[in-house]
Amino acid sequence: MKPTVFISDLHLAPDLPRVSQGFLTLMQQLQGQCHALYVLGDLFEAWVGDDNQNDYNQQIIHAFRQLSDGGTALYFVHGNRDFLLGEEFAQACGGQLLGERTVIQLPQQQILIEHGDALCTRDEKFMAFRQQSRHPLWQQTMLAKPLTERLQIAELWRLQSKMQNSNKSENIMDVTPEAVTEMLKTHQVTVLLHGHTHRPTIHNLDMDGQAAKRIVLGDWQEETGSAVIGIADETGIRLENYCF
Ligand SMILES: [Mn+2]
């Protein structure tokens with residue numbers, strides 16, 4: 001059986017040529033080689049609506065489309081930056097939008113997947129924005145604004161994000177351990193896989209005497225040309241460095 005691949009936190013943007021090319025190269029490498037690809041959020045640095053069909057976005061969609069046309073199942077989960085990704089985008093890619101948290105079946109076991117931002121419960125300011133920005137009414141109001149206005153808002157957010165270095169792992173609060181165990185128990189699984197924190201590693205957890213794992217994907221870095229992706233096959237789930 002072909003492997004299942006997990007990526008997150010690419011933060012794709014036209015002014016990140018190395019990451020953008022790294023993404024396109026990975027899509028070519030996975031062509032025909034991959035059972036399923038899960039994109040666990042923050043695929044884009046910003047997404048203002050599926051109607052923003054510029055050349056850059058079209059190129060990304062086209063790369064996904066080729067992969068899905070080649071037989072790879074494609075799934076998207078929203079991140080805290082691209083939460084406005086919609087059905088139109090997913091369909092154009094030949095993929096499917098998942099809810100914020102999903103239990104999936106892998107060859108070896110069931111695992112829980114999500115972006116990870118909802119587990120950072122100690123960041124009160126962020127949690128407040130999250131609650132607001134994930135609300136259907138807020139999103140409807142946002143998407144009802146003219147595209148030019150939404151692009152201005154996104155640019156403003158981007159500048160703020162750059163000023164605060166908010167894509168840097170040291171500025172992203174880590175997950176709350178209790179929130180993780182609660183989520184694992186609720187969904188009756190022992191493995192959680194997520195992104196968001198930009199702290200890629202595999203944590204071995206002890207859940208009331210039961211062994212559990214929290215697997216964290218890495219972000220894609222323009223400066224170093226590297227990312228940490230997840231690969232699942234018959235041997236289990238592992239993290240791998242992807243250099244581009
Ligand atoms: Mn994130």
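**Exercise 1. Determine in which sense strand 1 and strand 10 pair, and over how many bridges.**

Solution. Strand 1 covers residues 4-7 and strand 10 covers residues 226-233. Both are DSSP runs, numbered from the N terminus: E of at least two residues for strands, H or I of at least four for helices. They pair in the antiparallel sense, over three bridges. Pairing requires at least two DSSP bridges between two strands.

The model is predicted, so local features need pLDDT of at least 70 and side-chain atom pairs count only at pLDDT 80 or more, while totals for chains, interfaces and linings use all residues. Numbering starts from 1 along each chain as its sequence is written.

**Exercise 2. Give the strand order of the open sheet of six strands, and find its edge strands.**

Solution. The order is 4-3-2-1-10-11, with mixed pairing. Strand 4 (96-97) and strand 11 (236-243) are the edges; each pairs on one side only.

**Exercise 3. Work out how helix 1 and helix 2 pack, and which residues make the contact.**

Solution. Start with the geometry. Helix 2 spans residues 55-69, and its axis lies 9 Å from that of helix 1, at an angle of about 10°. The two are therefore roughly parallel, a label for angles under 35 degrees. Then list the contact, meaning C-beta atoms, placed from the backbone, within 7 Å. Helix 1 supplies Leu24, Met27 and Leu30; helix 2 supplies Ala63, Phe64, Gln66 and Leu67.

**Exercise 4. Identify the residues that touch the most other members of the largest nonpolar core.**

Solution. The core has 50 residues; Val39 and Leu193 touch the most other members. Such a core joins buried Ala, Val, Leu, Ile, Met, Phe, Trp, Tyr and Cys residues through C-beta atoms within 7 Å; buried means 20 or more other C-beta atoms within 10 Å of the residue's own. Helix 1 (residues 17-30) gives the most, with five residues. Finally, follow Leu193: beyond four places away in sequence, Leu193 touches Phe6, Ile111, Ile113, Ile215, Gly230 and Ile237.

Technical notes
Buried ≥ 20, exposed ≤ 12 C-beta atoms within 10 Å, placed from the backbone. Contact = placed C-beta atoms within 7 Å. Axes fitted to C-alpha atoms, helices over the stretch in contact; angles between N-to-C directions. Parallel < 35°, antiparallel > 145°, perpendicular 65-115°, else oblique.
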